[in-house]
Amino acid sequence: MARGRRHDADAGGPAEVNEAKAAIRQRIWDALREGKIARFPGAHGRIPNVVGAEAAAERLRGTAVWQRARTLKCNPDAAQWPVRQRALEDGKTVYMAVPRLAEEQPFFLLDPAHLADTPRKASSIKGAAASARTVAVEDLEPVDLVVTGCVAVAEDGARLGKGGGFSDLEFAVASQAGLVAPGTPVVTTVHEQQIVAPGDIPVTDHDVRLDLLVTADRVVTCTREARHPGRIDWDQLTEEKIAAIPLLGRLRS
């Protein structure tokens, strides 16, 4: 089957690391498809929207880090739509990245007190366009919790996105702006089939590590090294990636 352009086509860093990560993604995507675990429109090439996403979001809702959080940053993928919905239902402010950080103001601000629709509809990508306002990084407030989407995860806190590097980049931008601290919890919701053995996922210094991974059946506290303050690693960014994201051009200049 023909594949489209890979999300990591403009990724910087060592080629062998990128290829190792790509192989793990392909393995997980194939397993989710074969097990009929991924919902429409399928697993390949995206953060997969898996069976049990709602149950995982509900289990996350019962954790201490969730209950303490008043403001969170969440990825815009369908897999974490149930998480964003529950955050708004629970009165939490949600910052959601504009897909691929492609706008001059690259974050949606969803205020639970000022929604044009129900929390369910407002927390979707289309709904956010009506209920949210777009804001620049300098307009964001510090967040209490970071929710990230993953293709693969391990109990040592390693994670893989779909290869574009946007989750790590969002985290670095927010950290550099003082919005995310080294101790800010980072969590994800996944299916059990997305969990790989500790040590399988190659990691680099700029990769974001998880504190919790949550499935429909359990909460796993990850074992990871202390997180250093995030910084944009310009050496890992290609000129193609910088040109595609207006925010990066402003920050570099």
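Is Cys 150 buried or exposed? I looked up its relative accessible area and got 1%, so Cys 150 is buried. The cut-offs I used: buried is under 20% relative accessible area, exposed is over 50%, and partly exposed is in between, with a 1.4 Å probe and protein chains only.

**Ground rules.** I am working on a predicted model, where local features need pLDDT of at least 70, side-chain atom pairs count only at pLDDT 80 or more, and totals for chains, interfaces and linings use all residues. Residues are numbered from 1 along each chain as its sequence is written, and side-chain values use heavy atoms, with hydrogens and water left out.

**Overview.** I counted 9 helices and 11 strands in the protein. These are DSSP runs, numbered from the N terminus: helices are H or I with at least four residues, strands are E with at least two. The protein has 253 residues, and 51% of them count as buried. I then checked contacts, meaning heavy atoms within 4.5 Å. Of the contacts with a separation of 6 or more, 66% are between residues 24 or more positions apart.

**Cysteines.** I searched the whole structure for disulfides and found 0. The test was a pair of cysteine sulfur atoms within 2.5 Å.

**Strand E8.** I next took strand E8, residues 186-189. Val 186 and Thr 188 point one way, Val 187 and Thr 189 the other, and all are buried. In a regular strand the side chains alternate between the two faces of the sheet. I looked up the pairing too; two strands pair if DSSP finds at least two bridges between them. E8 runs parallel to strand E5 (residues 145-147), with 2 bridges. Val 147 has Val 187 as its bridge partner in E8. E8 also runs parallel to strand E10 (residues 212-214), with 3 bridges. There, Thr 189 stands opposite Val 214.

**A second sheet entry.** I traced an open sheet of 3 strands in the order E7-E6-E9, with mixed pairing. E7 and strand E9 (195-196) are the edge strands, each pairing on one side only. Strand E6 (residues 152-154) pairs with E9 in the parallel sense over 2 bridges. Val 153 stands opposite Ile 195 in E9.

**Arg 159.** Where does Arg 159 lie? I found it in strand E7, residues 159-160. Arg 159 has 7% relative accessibility, so it counts as buried. Its side chain makes a polar contact with the side chain of Thr 148, at 3.5 Å. For a polar contact I required N or O atoms within 3.5 Å; within protein, one must be able to donate a hydrogen and the other to accept it, and residues adjacent in sequence count only if both atoms are side-chain atoms. A polar atom of the Arg 159 side chain also lies 2.6 Å from the backbone oxygen of Gly 149. Leaving out residues up to four places away in sequence, Arg 159 touches residues including Cys 150, Val 153, Asp 168 and Leu 210.

**Thr 118.** I placed Thr 118 in the loop between strand E3 (107-110) and helix H5 (119-122). At 49% relative accessibility, Thr 118 counts as partly exposed. Its C-alpha is 8.9 Å from that of Glu 89, 29 residues apart along the chain.
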